[in-house]
Amino acid sequence: MPIARLFLAAFAAALLCVVPASAKNFAVPDKNPAITLTVPNNWKTQEIEFGYSARPEDEAIFFSVEFAHAREIDKMMATNEAWMKENEIKQVKPIQAEVPINGISSTVFQFRTTDANGPTTVDFILMPAGSGRMIMITVWGNDQERATHAKALDDIFGSIKSIN
């Protein structure tokens with residue numbers, strides 16, 4: 001478990017970076033938002049069933065931010081389970097940790113697993129969004145892809161702000 005703690009400490013430290021100058025801003029959810037975040041302007045973004053996804057130009061990393069009311073959380077989780085199967089991501093037991101992200105109490109579920117291309121990591125990060133809502137952030141990519149896009153990911157996580 002020391003490796004998991006080391007990863008989570010590094011992950012939490014990486015979340016404190018500066019926002020990029022050229023970026024797209026999102027309020028999540030759209031109505032009565034709980035957080036704002038920023039993704040690099042050169043990342044391709046699109047609406048998905050429960051929120052937004054974003055990918056760099058080389059599409060090496062998948063990032064999404066989703067939200068659901070309590071009555072829809074099971075459906076959102078089922079959609080993400082189907083997404084993992086569709087992308088040939090082997091389901092394994094995740095490492096779980098409580099990590100504050102810019103002052104927001106968050107639960108990280110990290111899956112150190114494999115996909116069609118070999119070893120990969122999928123992080124599901126759950127954040128409370130008030131009024132019976134939950135926000136889930138997903139990051140998927142192998143260690144090399146994450147290292148290539150580390151600055152952009154750090155900038156995204158550093159941009160997350162709670163709306164009081």
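Modeller: With three residues, β4 gives the most to the lining of the largest cavity. The model is a predicted one, in which local features need pLDDT of at least 70 and side-chain atom pairs pLDDT 80 or more, while totals for chains, interfaces and linings use all residues. Numbering starts from 1 along each chain as its sequence is written, and side-chain values rest on heavy atoms, with hydrogens and water left out.

The structure has one cavity of 30 Å³ or more, and the space in the largest cavity is about 40 Å³. A cavity is a set of points on a 1 Å grid over the protein atoms alone where a 1.4 Å probe fits but cannot get out, and lining residues have an atom within 4 Å of a point. Points are joined across faces, edges and corners, and the volume is the space filled by probe spheres set on them.

Phe26, Leu37, Val39, Thr45, Tyr52, Ser53, Ala54, Phe63 and Val65 line the largest cavity. Two or more lining residues come from each of β2 (35-40), β4 (51-55) and β5 (62-69). By class, the lining has seven nonpolar residues, two polar ones and no charged ones; Ala, Val, Leu, Ile, Met, Phe, Trp, Tyr, Cys and Pro count as nonpolar, Asp, Glu, Lys and Arg as charged, and the others as polar.

Rings of Phe, Tyr and Trp (its six-membered ring) pair if their centres lie within 6.5 Å, and the planes are stacked under 30 degrees, edge-to-face over 60 and tilted otherwise. Phe26 and Tyr52 make a tilted pair, 4.8 Å centre to centre with 45° between the planes. Phe26 lies in strand β1 (residues 23-28) and Tyr52 in strand β4, 26 residues apart, and the pair thus links distant parts of the chain. Both Phe26 and Tyr52 are buried, that is, under 20% relative accessible area with a 1.4 Å probe and protein chains only, where over 50% is exposed and in between is partly exposed.

An edge-to-face pair joins Phe111 and Phe124, at 5.6 Å centre to centre and 75° between the planes. Here strand β7 (residues 104-115) holds Phe111 and strand β8 holds Phe124, 13 residues apart; both residues are buried. Elsewhere, ring pairs link Phe62, Trp83 and Trp140 into a cluster.

The structure has six salt bridges, each a side-chain nitrogen of Lys or Arg within 4 Å of a carboxyl oxygen of Asp or Glu. Asp143 and Arg112 meet in one of them at 3.2 Å, N to O, which connects helix α3 (residues 143-148) with strand β7 across 31 residues. Asp143 counts as partly exposed because its relative accessibility is 49%, and Arg112 likewise counts as partly exposed, at 44%.

Arg146 and Asp123 meet in another salt bridge, at 2.8 Å, N to O. Arg146 is in helix α3 and Asp123 in strand β8, 23 residues apart. Arg146 counts as buried because its relative accessibility is 14%, and Asp123 also counts as buried, at 0%.

Methods:
On a 1 Å grid over the protein atoms alone, a cavity is a set of points where a 1.4 Å probe fits but cannot get out, and a pocket is an open set with protein on both sides within 12 Å along at least five of seven lines; lining residues have an atom within 4 Å of a point. Helices (H or I, at least four residues) and strands (E, at least two) are DSSP runs, numbered from the N terminus.
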